[in-house]
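Please load the model in your viewer and keep the sequence panel open beside it.

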Amino acid sequence: MIKLKANYVLTMNEKNEIIENGEVIFDKKIIKVGKNLEKNIKTIDLGKNSVLMPGLINTHTHLEFSANQTTLIYGDFISWLNSVIAKRENLLNDCRSHCYQKAINQMKKSGVVAFGEISSTGLDLEQLKKTELKVVYFNEIIGSNPAAIDALYQDFLNRLNESEKYKSEKFIPSISIHSPYSVHPLIIKKALDIARKKNMIVSAHFMESQAEREWLDNNKGDFKIFFKQNLNQEKAVTSTIEFLSQFEQVKTHFIHGVWANEKELQKISSMNASIAHCPVSNRLLNTGLLDIERVKNLQIPYSVATDGLSSNYSLNLFKEIRTSLFMHTGLHPKYLAKDLIKSVTKNAGDILNLNNGSIEVGKFADLISFKLSKCLNIEDLYLQIILHINEIEKMWINGKKIEI
Ligand SMILES: [Zn+2]
C-alpha cells in the first residue's frame, strides 16, 4: 500500500473533482482519495506544482504500421488507401521489435497506460503480449469477396486463438470488423457471434470518408473505381443500417463516424456504442471533422485517439487532444479542454471496459503525474495541462511504478 500526495489531484470522477493538496492511497486498486488521510503509510510527496491524474487511454492504434513516416500519401482518403495497399508489405516488414518499442515508448512518455490495438496480421503479438501497458488487442477481420472469405475467416480465427493464449488482466484479446465496405456480412455475423459468446468488446471503422458514404448509399463515388479495379466488385456488400444492426448486443467502439448521419448516430446511441475521434488522422486524409457536440447530444460516449502512424505523425495523446482543442473552434476552450481530458481518461476506460480512467475507490491504480505551475483559477487546470504537457514524469499501472 502506498500514498501519493500532489498539489492537484484530478479525479475525473462524475463531479470532475479537483482536490488541492490531495492524497491517494492504493495498492493494485485505489483504496482512498481525499485530504489528510492516514499518516502511517509509506508516502510519496510528488512535490511542488505536482499534478496527479488518471493515466491516459488511447482507444485506437495500428502499431503494425509504425514504420511509416513519409511513405504513405496524405491529403485524400483513396490516394492514401492505394498507397497503404502498395506499401503495406514493406511497412509491415520494416516494423521489427525496435519499431514497436519506439511506438510504445512514445505512448508511455505521453502518459498512456492502456491502448486499443487493431491487429491485422498478428505480427504485433510478440511485442504486445509482454508490454507493461494494458492492451485491448483487436484481431481484425477483412474481406468482402465471397470467394475469399472462408480463407480470410480461418486466418482471423487462427490469429484470435493465438492471441487468446496470452489473455491476462493486462492483455485482452478481442475482435475488430474492419469496416462496412470491406467485410462481407456473412463473416461479420460469425465473428460477432464469437464476440457475443465470449463477451468481447468489438471495434469497427465506420463512416470515415465521403467515399465510404457515397459507395454505401449509392454504389458511386471514388470507391466505385477502387472496387472495380481491385476486386472486380460493382456493389457494396451491405447498407449502413444493415451493418450497424449486426452489432446488437455487442459492446462496440466505432472508429471515426465523421460521415455518419442522424439515423446512424441514433442507432449507435440506441446500442450504447461509442465513437473514437481521431482528428489528426481525419485531417491528414482530408475526411472532415467529427461533430462532437452532435455525438454528445445523442449520449454517445467518445474518446480522442491517435489512430496509427499510418495516418498520424505522433502517438502522443496529449498532442492529439491539443490538436482537437484547436480544431473545434466553435466550442469554448475551457469547456472543451475538460471534455477532451475526460474523453481520454474516464470515457476511454469505460469504452474499453478497463475499470480505470478515474481516481475513485475500486478503480485500478493506473496513474500519471507531472509538474505544472500553480493555476490562478483551478478550473483552468484542464486547459493548461493540454497546452503545456507533452510528457509525464511518473506512471503507475495496477499500482506498480513503471519506468519511463
Ligand atoms: Zn484505424
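## First stop: a loop serine

Select Ser110, which sits in the loop between helix H2 (97–109) and strand E7 (112–119); helices (H or I, at least four residues) and strands (E, at least two) are DSSP runs, numbered from the N terminus. Residues are numbered from 1 along each chain as its sequence is written. This is a predicted model, in which local features need pLDDT of at least 70 and side-chain atom pairs count only at pLDDT 80 or more, while totals for chains, interfaces and linings use all residues.

Is Ser110 buried or exposed? Ser110 is buried, because 22 other C-beta atoms lie within 10 Å; the term buried requires 20 or more other C-beta atoms within 10 Å of the residue's own, exposed means 12 or fewer, and partly exposed is in between, with C-beta atoms placed from the backbone. Leaving aside neighbours within four places in sequence, Ser110 is in contact with Asn316, Leu317, Phe318, Asn390 and Glu391, where contact means that the two C-beta atoms, placed from the backbone, lie within 7 Å. If you also select Leu56, the C-alpha to C-alpha distance to Ser110 is 8.2 Å, although the two are 54 residues apart in sequence.

## The whole chain

The C-alpha trace spans about 70 × 45 × 40 Å along its principal axes. The radius of gyration is 21 Å, which agrees with the value near 22 Å that a compact globule of 404 residues would have; the radius is taken over C-alpha atoms, and the globule rule is 2.2 Å times the number of residues to the power 0.38. Buried residues make up 50% of the 404 residues, and of the contacts with a separation of 6 or more, 72% are between residues 24 or more positions apart.

Next select the largest nonpolar core, which has 122 residues and in which Ile57 and Val202 have the most contacts; a nonpolar core is a set of buried Ala, Val, Leu, Ile, Met, Phe, Trp, Tyr and Cys residues joined through C-beta atoms within 7 Å. This core lies between domain 1 and domain 2, because both give residues to it. Centre on Ile57 and, beyond its neighbours within four places in sequence, look for its contacts, among them Val112, Phe115, Val344, Leu352 and Gly357.

Move to Met207, in the loop between strand E10 (202–206) and helix H6 (210–218). Met207 has a positive phi of about 50° although it is not a glycine, and with 29 C-beta neighbours inside 10 Å it counts as buried.

Along H6 itself, pick Ala211, Glu212, Trp215 and Leu216, which are buried. These four lie on the same side of H6, because they cover an arc of only 115° around the axis, the arc being that of the directions from the helix axis to the C-beta atoms. The buried residues of H6 pack against helix H1 (77–94), H7 and helix H8 (240–245).

H6 is followed by Asn219, with a positive phi near 55°, in the loop between H6 and helix H7 (222–231). Asn219 counts as partly exposed, with 14 C-beta neighbours inside 10 Å. Most residues other than glycine have a negative phi.

Select helix H13 (residues 333–343), which is largely enclosed by the rest of the structure because eight of its eleven residues are buried. Its buried residues, including Lys338, Asp339 and Lys342, pack against strand E13 (302–304), helix H12 (317–327), helix H14 (346–351) and H15.

Finish at Ser281 in helix H10 (residues 279–284), a buried residue with 26 C-beta neighbours inside 10 Å. Leaving aside neighbours within four places in sequence, Ser281 is in contact with Asp307, Ser311 and Asn312.

Key: Domains from an automatic or database assignment.
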